[in-house]
There are 4 protein chains.
Amino acid sequence: MAKILIIYHSNSGRTEQMAKFVTEGAKMIGHHEVRLKSIDNADKSDILWANALAVGTPTNLGAVSWQMKKFWDEISEELWGKIDGKIATVFSASASYGGGNEITCLNMLSILINYGFLVFGVTDYAGADFSPHYGAISATNVNGKNERAGCVLLGKRLGEWASVFVDHKQNDHPRFSIKL
Amino acid sequence: MAKILIIYHSNSGRTEQMAKFVTEGAKMIGHHEVRLKSIDNADKSDILWANALAVGTPTNLGAVSWQMKKFWDEISEELWGKIDGKIATVFSASASYGGGNEITCLNMLSILINYGFLVFGVTDYAGADFSPHYGAISATNVNGKNERAGCVLLGKRLGEWASVFVDHKQNDHPRFSIKL
Amino acid sequence: MAKILIIYHSNSGRTEQMAKFVTEGAKMIGHHEVRLKSIDNADKSDILWANALAVGTPTNLGAVSWQMKKFWDEISEELWGKIDGKIATVFSASASYGGGNEITCLNMLSILINYGFLVFGVTDYAGADFSPHYGAISATNVNGKNERAGCVLLGKRLGEWASVFVDHKQNDHPRFSIKL
Amino acid sequence: MAKILIIYHSNSGRTEQMAKFVTEGAKMIGHHEVRLKSIDNADKSDILWANALAVGTPTNLGAVSWQMKKFWDEISEELWGKIDGKIATVFSASASYGGGNEITCLNMLSILINYGFLVFGVTDYAGADFSPHYGAISATNVNGKNERAGCVLLGKRLGEWASVFVDHKQNDHPRFSIKL
């Protein structure tokens, strides 16, 4: 059983809604312990607790919100260099497609790489013309069919990779026939 | 009168279609010389000719196509360090939103920054939830209303900035009241 | 005469030192008005004032510091979409080469592109094996010969492009023979 | 025993030299099968074979070389969507610090994320002011003490993560006391 943390910052409530969908997906795998938290109620103990994370941030100016950056900057003094090897993915709500949600995901992934995490996206499509290759994204229509499916896929993959890489149960990943 | 080059590589025809829309937008400003070229028919003389460029590439694995990279890698031996100071923007057609079109735009912008160009995106919205902040993007529906509008906006802004920065005609940029 | 703002956030004093070197470079061009400010003493009026900017941030987790992000996030409510068309470059002090200073520069450039600015780096070399292609960088040895030269080059180029693109004095850019 | 592939493209021989150092590091862990290949002699069967990869590319215009991109673009038709879940890291030789080696690493990491891989850098320092946080980097002095140490560290970490995540032998990662 892996410990999965979905952690987010939300201004408008959209990234929070995405976080709930990601949590839904993570719970589909079944046997993991899943925790959903806003950075407003989280601290370093949550990060220490988790084996696998999904981190969600608003797209603000095509980058992570300052609040989300502050969270990671401040815990870095104590945690950086001591928590390498977690697996992680990301998601971001923006005001528009083409408005920076992918670039924000890349920004957040890059911060997690800096912490020594192994980061990933999802190759699957969430719908026609829609995929969370670098993390799940949305614009204002966060409850849209594609947007929701992207978040659920992301959470599910997080649970699957947690099974494979943390729990070492390869059968939990039916899609990938490769022997890891 | 500035010399504007819209240059692209296209596999599926979608980036080519975007290039045509960008060209439409660039011609709306009126007094510039506008040239539309595939990299298949272009060479270093086209790059030397232009003051202002829009560069379009397919999103292949969330990065510029190898063909587009080859074009810039090969002319770099002769041109790099000698053509600084052009202004430039980008566009990219992908298979999906969330599939890497923004990240590909950033990849292409970064290549143009390496050449010493001044690069830009467009703050305006092309429609609800749609904007070319880091260059114009599309997924498979390249002729969609938003997708087309984003390309036209990008071309128009390229023409406007060419007026302001190359021709030094500030009145061509009615939106921005700032005295540059 | 252009209005040039060098604006920075500094924790350790290193980004501040870089800012001073960038200012030195900007003043070499001679006829511009150059203002050096920490974000601690700056506000939106400084951004409104400037035609051309160099923005400096520490490399924190391979991204801009949360304080620098907060500065741009907070003024965006009033300024975003109204200050397009400024020219800008960046710089960043990190703890190590390979530790994220380039990626932080790209992060900052991307934020400025979001604001509608035209952003650039410097093709020139500051020394053997050292160049500010995406903005000036340093690790802990901020006063090193190369590190200092990179900052000065960046400031100088900012002044040169301000002459070319804001003042429309092409003769101020002797290196580039191209007729813009 | 994991199957580790160090795969590279090299123009000047510098990325090849880095690849040899990375291989040295990977072999320090001892029980893995390690394969070193240029893309000139590699094909999709090598990618299929590997559980864990280090991918090395020259920094050309601050991005992966067109040859390296061609390699991944061409095999994507057959392999994309079928090889998710490998773990991977990167390295790049450039002409200068500040010249794009980090941004090239990010470009390569992003391509591997697109393939569904779990990608990582190294938090450790390779020397004063030198670290492979987003992959190992070098400028022209590829045999320098720091540059070599960065490559060896990267290869070693690749071997360690292969032990932890592929072989499920947690004792092979002595530095990290965390129970994954």
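Colleague: How many residues does the contact take from chain D and from chain A?

Modeller: In this predicted model, the contact takes 36 residues from chain D and 36 residues from chain A.

Colleague: How is the size of an interface often given?

Modeller: It is often given as the accessible area lost when the parts come together. Here, about 3,100 Å² is buried between chain D and chain A, and carbon and sulfur atoms give 64% of that area.

Colleague: How many salt bridges and how many residue pairs in polar contact does the rule find across the interface of chain D and chain A?

Modeller: The rule finds zero salt bridges there. For polar contacts, the rule finds five residue pairs, both residues being at pLDDT 80 or more.

Colleague: Which elements give two or more residues to the side of chain D that touches chain A?

Modeller: They are α4 (101-114), β6 (118-119) and α5 (145-166) of chain D. By class, this side of chain D has 20 nonpolar, eleven polar and five charged residues.

Colleague: Next, chain A and chain C. What is the area buried between them?

Modeller: The buried area is about 1,500 Å², with 61% given by carbon and sulfur atoms. The contact takes 21 residues from chain A and 21 residues from chain C.

Colleague: Which three residues supply more than any other three of the area that chain A buries against chain C?

Modeller: L61(A), W66(A) and K69(A), which supply 48% of that area.

Colleague: Which element gives the most to the side of chain A that touches chain C?

Modeller: α3(A), with seven residues. The elements of chain A that each supply at least two residues to this side are β4 (63-64), α3 (66-79) and α4. Sorted by class, the side has nine nonpolar, eight polar and four charged residues.

Colleague: How are two packed helices described?

Modeller: By the angle between their axes and the distance between the axes. Take helix α4 (residues 101-114) of chain A and helix α4 (residues 101-114) of chain B: their axes come within 7 Å and cross at roughly 75 degrees.

Methods. Residues are numbered from 1 along each chain as its sequence is written. Chains are lettered from A and ligands numbered from 1 in the order in which they are written. This is a predicted model: local features need pLDDT of at least 70, side-chain atom pairs count only at pLDDT 80 or more; totals for chains, interfaces and linings use all residues. Side-chain values use heavy atoms; hydrogens and water are left out. Axes are lines fitted to C-alpha atoms, for helices over the stretch in contact, and angles run from 0 to 180 degrees between N-to-C directions. Helices (H or I, at least four residues) and strands (E, at least two) are DSSP runs, numbered from the N terminus. Contact means heavy atoms within 4.5 Å. Buried area is the accessible area (1.4 Å probe) that two parts lose on being put together, summed over both. A salt bridge is a side-chain nitrogen of Lys or Arg within 4 Å of a carboxyl oxygen of Asp or Glu. A polar contact is a pair of N or O atoms within 3.5 Å; within protein, one must be able to donate a hydrogen and the other to accept it, and residues adjacent in sequence count only if both atoms are side-chain atoms. Ala, Val, Leu, Ile, Met, Phe, Trp, Tyr, Cys and Pro count as nonpolar, Asp, Glu, Lys and Arg as charged, and the others, Gly among them, as polar.
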